[in-house]
Every structure is written in structure tokens, then in C-alpha cells.
Amino acid sequence: MFPLGDTPVKLPQFKHKQIEIEIRQLAQTLPVGARLPAERSMAASYGCNFLTVRRALKELVDDGTVVRRIGSGTFVSKHASDPRSVRSGTDRIGVLVSQGGNAYAYRVLQAMAHAGLELKVELRSSWVRDFCDDGLAQAKTLQQEGCVAISLPWFPHDRIDEVRTFVRNCPLPVSLPLVIPGLEKNSFEQQEVFGGSLQVASEAVCGYFHALGHRRIALLGPDSAGDVVLQKVLSAYACYTSRENLPNFCGLVRPGAAAMDQLADRWKDFRGDLAVICYDDEHALRFMTAMHKIGLSAPADFQIVGYNDTEASEFSDPPLSTIRQNFDYIGHWLIRSALGLARGVVDQSTKLPRPQMLVRSSCGGQARIDESFRAKLSHLDIIMASEDAAVKPTASAALQPV
């Protein structure tokens with residue numbers, strides 16, 4: 001600040017300093033030992049080039065907040081502040097990160113870090129092996145460090161019962177990333193809207209493939225009967241195929257290459273007439289690998305769309321078309337929900353962001369995205385964009401309803 005007469009003037013902040021603040025918050029949000037996203041991935045998230053990210057990261061490397069490991073990436077080496085001190089007027093939220101978390105979990109954590117800056121909330125994170133003894137022990141530690149609530153950005157669906165017991169025994173209120181029966185008020189979304197974006201996106205991709213002339217539209221996902229997210233996707237898919245008099249063509253597979261290889265072998269006979277909607281990018285990329293083993297590839301032999309827009313989807317061969325989730329929306333409401341619970345009120349999202357379909361090479365329709373094709377799909381409640389025209393959701397856009 002420099003005086004100009006009696007009026008203080010704030011100097012503009014250099015872009016790399018703004019990004020440094022963002023990455024510091026992310027490093028504070030991730031547990032010690034966690035790997036930061038790749039420089040190019042962070043550059044895309046923050047709307048800058050990777051050289052700006054690299055310059056910002058140098059400051060964190062120099063002060064020991066992160067450490068670079070050649071060939072492995074950049075890792076959080078310490079948290080910046082005294083865990084017992086909370087800045088005056090600042091709430092602190094604890095974040096329990098399940099070990100073995102996937103790319104989706106890291107995207108949520110990155111969004112929570114950004115939302116924490118906007119909401120002036122300090123985040124304190126810790127790894128957990130489980131949500132039994134270890135989870136409760138970590139929650140008590142976070143309480144001693146001044147946290148007023150806990151947020152779970154992600155956990156495996158087969159641990160819902162474990163999480164239910166954890167929430168009831170936890171010394172702090174807990175914000176959840178999904179609706180669990182009996183704990184509806186702990187979800188960041190109201191029960192009436194939870195999973196709505198998944199259903200909208202699934203139906204939209206069905207409509208997209210149908211408009212391209214496909215009549216064999218398959219759904220690929222995990223063999224996990226208790227997965228409430230899968231149930232939402234299955235419901236939307238079944239309703240669309242029934243309504244349009246299309247065959248129901250569903251493949252649910254267990255983890256591991258063998259199960260996916262078997263599915264690819266069953267579906268190889270439909271080459272040239274197979275469009276695949278996937279539960280997430282991971283299943284899409286596994287399927288593409290399995291098909292490649294038997295000499296088939298997208299989009300020539302089959303067309304495919306993933307979900308979550310993970311970093312791997314952009315660099316797959318061919319680049320994977322995907323549904324881009326609004327992670328800023330998720331991160332914002334996970335923190336707001338936690339703050340509300342800490343104050344004894346329920347603060348949940350009641351309006352969903354509009355999903356975006358990012359059209360790359362794998363779905364076979366990249367050259368079809370023009371005004372006439374958009375008009376043909378205007379009844380579908382989704383933003384459809386090619387790679388060049390796609391817009392990364394911003395914090396303000398995250399709060400815009402459908």
C-alpha cells in the first residue's frame with residue numbers, strides 16, 4: 001500500500017503470487033506426503049501457463065513447504081502454521097483424507113482449498129486408514145488443533161456403514177459428500193437434489209449418442225450394488241433406453257484387468273456399433289486398454305465417454321471425451337455444510353450446477369459440434385463444448401443453478 005494524497009492505493013498482485021497463495025492453500029489442505037497435481041494440470045485449473053505455476057512453486061520449494069522428487073512429482077512436506085494457532089476471526093475445518101483416494105478425491109481437495117480461500121476458512125487435513133479407531137483418533141487430534149467441524153471429501157462406497165458409525169461417534173460434526181440414510185442433514189446437498197447432476201449428465205450422453213445414430217448404447221461401471229452414485233447413473237440410463245425403445249446393454253465389472261478383458265471380449269462383436277457411457281474416467285480408460293489388447297480402438301471401433309475429467313483423460317490415446325464435474329461447487333458446499341453444522345444449522349445446496357460435456361476424440365462426434373447439432377440437443381440440460389471451447393468452472397460459476 002502506498003499513499004496518494006489521503007487515499008491508499010493497492011498495487012496489483014502479480015499472477016504468480018496469486019497462484020502461490022492458491023497452491024499454499026492446497027498444500028495446507030492436502031495431508032503431509034500427498035502429491036500435488038502436475039504443473040500443467042494446476043495451470044489449467046488456475047487459468048495460467050505452467051511457467052507461472054513453476055515460478056509459484058519455487059517459493060514453496062525454497063521454504064520447505066513442498067519437495068520435488070525427480071521422476072515422481074511434487075509432494076507436501078510440511079504444513080505452514082502452528083497447528084494449535086487459529087487466526088482471529090477464522091474458522092478451521094478438519095479434512096480427513098482416506099488413504100488410497102483416487103483422482104476424483106484429489107480434485108475435490110483442490111476445489112476445497114480454493115473455496116477455503118474465498119470463504120476465509122483454514123483447512124487442516126490428515127490421512128486416515130479407516131473410519132473406525134484411526135478416524136476417531138485423527139478427529140480428536142483435529143479438535144485439539146482448533147477445528148470446529150470435519151469434512152470428508154471422499155470415501156470408498158463399501159465403507160458407508162463404517163462412516164455412519166464414525167459420524168455418530170465423532171466429537172465434531174461431519175460434512176459428507178453424499179446422502180447416507182439416517183444422516184441426510186450431513187450431506188452437502190439436500191436429499192431431493194443429491195445425484196441430480198449425475199442423472200442429467202447420463203441422460204444427456206445417451207441423447208448425444210442417440211443423435212449420432214447409435215442404437216446400441218452401453219453403460220459401463222463397477223460391480224458395486226451398494227454404490228449410491230452408480231444407482232443414480234443406472235436409473236437415468238435405464239429410463240432413457242426404455243423410453244427410446246433401445247436395448248439395455250449394461251456391463252458392471254469388478255476391479256482388475258481380468259474382468260475388463262472379459263467384458264471387452266464379450267463386446268468385441270459389436271465393433272462399429274457400440275457407444276459406451278462410463279461411470280467415471282477410470283472405467284473408460286480401463287476399457288480402452290482392454291479393447292486395445294484385442295486390436296480395437298476408439299473412435300473407429302467403438303465410441304466412449306467418461307466422467308470426472310481427470311488429468312489422465314486429457315492425455316489418453318485418443319483423448320477421452322468426458323463429463324466435467326463442477327468441483328468448485330462441491331468444494332464450496334462441503335465447507336459451507338461443515339460450517340453450518342458447527343453452528344448448529346443445516347446449510348446444504350438446493351440447486352445444481354449445469355454439467356458440461358467435453359468432446360474430445362474418443363466419442364466420434366468431435367466434428368459434429370456445430371449450431372445445428374446443438375439445436376438438435378437443445379432439450380438436454382447440459383453444456384456441450386469441444387476441447388478448445390471448453391470453460392473451466394470458476395468459483396462464481398460454481399454457484400450458478402441449472
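Student: In this predicted model, which residue has its backbone nitrogen 3.3 Å from a polar atom of the side chain of threonine 322?

Tutor: Threonine 322 is found in strand E13, which covers residues 321-324. Leaving aside neighbours within four places in sequence, its contacts include Val305, Gly306, Tyr307 and Asn308. Within that group, the backbone nitrogen lying 3.3 Å from a polar atom of the threonine 322 side chain belongs to tyrosine 307.

Student: Which side chain does the side chain of threonine 322 join in a polar contact of 2.8 Å?

Tutor: Among the residues in contact with threonine 322, beyond its neighbours within four places in sequence, are Asp281, Ser313, Gln356 and Arg360. The partner in the side-chain polar contact of 2.8 Å is aspartate 281.

Student: In what order do the seven strands of the open sheet stand, and which strands are at its edges?

Tutor: The pairing in this sheet is mixed, and the order is E10-E9-E11-E12-E13-E14-E15. Each edge strand has a single partner strand, so one side of each is left without a neighbour in the sheet; these edges are strand E10 (249-253) and strand E15 (383-386).

Student: In what sense do E9 and E10 pair, and which residue is the bridge partner of alanine 218?

Tutor: Strand E9, residues 217-222, pairs with E10 over five bridges, and the sense is parallel. In E10, the bridge partner of alanine 218 is phenylalanine 249.

Student: Which helix packs on the sheet, touching E9 and E10, and what angle does its direction make with that of E9?

Tutor: The helix that touches both E9 and E10 is H8, made of residues 228-243. Its direction and that of E9 make an angle of about 170 degrees.

Student: Where is aspartate 347, and with which side chain does it make a polar contact of 3.0 Å?

Tutor: Aspartate 347 is in the loop between helix H12 (327-342) and strand E14 (356-359), and with a relative accessible area of 21% it is partly exposed. Apart from neighbours within four places in sequence, it is in contact with Trp333, Arg336, Ser337 and Gly340. The side chain that joins it in a polar contact of 3.0 Å is that of arginine 336.

Student: In the four-stranded open sheet, which residue in E7 stands opposite glycine 94?

Tutor: The strand order in this sheet is E6-E5-E7-E8, with parallel pairing. Strand E5 (residues 91-98) and strand E7 (residues 149-151) pair over three bridges. The residue in E7 that stands opposite glycine 94 is isoleucine 150.

Conventions: Residues numbered from 1 in each chain as written. Predicted model: local features only at pLDDT ≥ 70, side-chain atom pairs only at ≥ 80, totals over all residues. Heavy atoms only, no water. Helix = DSSP H or I, 4+ residues; strand = E, 2+ residues; numbered from the N terminus. Polar contact = N/O pair within 3.5 Å; in protein donor to acceptor, adjacent residues only side chain to side chain. Contact = heavy atoms within 4.5 Å. Buried < 20%, exposed > 50% of the residue type's maximum accessible area, 1.4 Å probe, protein only. Pairing = 2+ DSSP bridges. Axes fitted to C-alpha atoms, helices over the stretch in contact; angles between N-to-C directions.
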